[in-house]
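Dear colleague,

Here is the structure I promised to send over. My notes on charged groups and one backbone angle follow below.

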Amino acid sequence: MTPSRDISRLIEIMTTLRTPGSGCPWDLEQNFATIAPYTIEEAYEVADAIARGDLGDLCDELGDLLLQVVFHARMAEEQNAFSFGDVVEAITAKMIRRHPHVFADHVFADHVFADHVFADKDGRLTPSDVKGAWERIKAEEKAERAARRPREQPPHKSLLSGVKAGQPALSRAMELQRKASSVGFDWNDPRAVLHKIREEADEIEAALDRGDAEELAAETGDLLFALVNLARHVGADPDMALRGTNAKFERRFGYIERALAAGGRSLEGASLAEMDALWNEAKGEEPRLSTPAETEAGDRR
């Protein structure tokens, strides 16, 4: 097996990895649910490479993200659901359908989509015109899919239906709560949310006593949802707040590493008590440890 610029080689590699008996044990035990977190992680790493302006890293990360698509497609093909080719056909059809201003003469799926684009009197299109057409066509596609999907009961139009399922979990939790709050389903005092957080923490403790992994995961999700609610009530963006804490953790942990290295020590050779003492030192020196840029970012957070 040799590297190649041809996508078929990547598909072949994934097929080999997923072949029972001769494939990779780790790859063989995966399913859609276990791979989904990696898919999300790779998308974030693509965004990070873009934010850093590192095009070499972006190339690598795009490859990792492409691997996720191939992985999911292979698992679907094993279930006779769809193949990688079906994924490509679906997205190419969608791009043609959603760009009638480019593919104006194309008839697709019994529809002529040129009517969706409204140019000005001189025939010019602005980006907002294109975006509007894209959204209208997307809405039609969604309605058509819903009509094709068999339903056991009439669809329920929920207040929460407009909250997009594909956005990051923290952002979606915030939006779900905002929607519910708009009709009065909310606490009036952040302290009431704190009480809920303590209640969820107690439920996690009880689940720990029972040793039920599924219950622990569910209760942890409840706690996270309550924490997002607190962030909303105090006017903090949960994602930005967590990013700030991540940066703070990295900074303080880096202090521990540097302090140990200065004494000829390693992390592995240090006790938890020693590392904890250095952590507290880092907290005490926090203003001096922060760069001006970090301080400004922290102020914005």
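**Salt bridges**

Aspartate 239 forms a salt bridge with arginine 243, with 2.7 Å between the closest N and O atoms. A salt bridge here is a side-chain nitrogen of Lys or Arg within 4 Å of a carboxyl oxygen of Asp or Glu. Both residues, aspartate 239 and arginine 243, sit in helix H10 (residues 238-262), four residues apart, about one turn of the helix. Helices are DSSP runs (H or I, at least four residues), numbered from the N terminus. Aspartate 239 is partly exposed at 26% relative accessibility, and arginine 243 is partly exposed at 44%. The cut-offs are: buried under 20% relative accessible area, exposed over 50%, partly exposed in between (1.4 Å probe, protein chains only).

Before going on, the basis of these values: this is a predicted model, in which local features need pLDDT of at least 70 and side-chain atom pairs count only at pLDDT 80 or more, while totals for chains, interfaces and linings use all residues. Residues are numbered from 1 along each chain as its sequence is written, and side-chain values use heavy atoms, with hydrogens and water left out.

The structure holds 17 salt bridges. Among them is the pair glutamate 77 and arginine 74, whose closest N and O atoms are 3.6 Å apart. Both lie in helix H4, three residues apart, about one turn of the helix. Glutamate 77 is partly exposed, with 35% relative accessibility. This pair belongs to a salt-bridge network that links Arg18, Arg74, Glu77 and Glu78.

Arginine 265 and glutamate 274 also meet through their side chains in a salt bridge (3.1 Å, N to O). Arginine 265 has a relative accessible area of 35% and is partly exposed; glutamate 274, at 33%, is partly exposed too.

**Loops and surface charge**

Asparagine 80 is found in the loop between helix H4 (55-78) and helix H5 (84-97). Its phi is positive, about 60°, although asparagine 80 is not a glycine. With a relative accessible area of 73%, asparagine 80 is exposed.

On the surface, Lys138, Lys142, Arg145, Arg148, Arg149, Lys157 and Lys164 gather in a patch of positive charge. Patches are made of residues with over 30% relative accessible area and no salt bridge, like charges being joined within 9 Å and nonpolar side chains (Val, Leu, Ile, Met, Phe, Trp, Tyr) within 5 Å. One member, lysine 157, lies in the loop between helix H6 (127-148) and helix H7 (169-181). Lysine 157 counts as exposed, at 70% relative accessibility.

Regards

Technical notes. Accessible areas come from the Shrake-Rupley method with a 1.4 Å probe; for residues, only the protein chains shown count as cover. Lys and Arg count as positive and Asp and Glu as negative; His and the chain ends are not counted. The place of a charge is taken as NZ of Lys, CZ of Arg, CG of Asp or CD of Glu. Helices (H or I, at least four residues) and strands (E, at least two) are DSSP runs, numbered from the N terminus.
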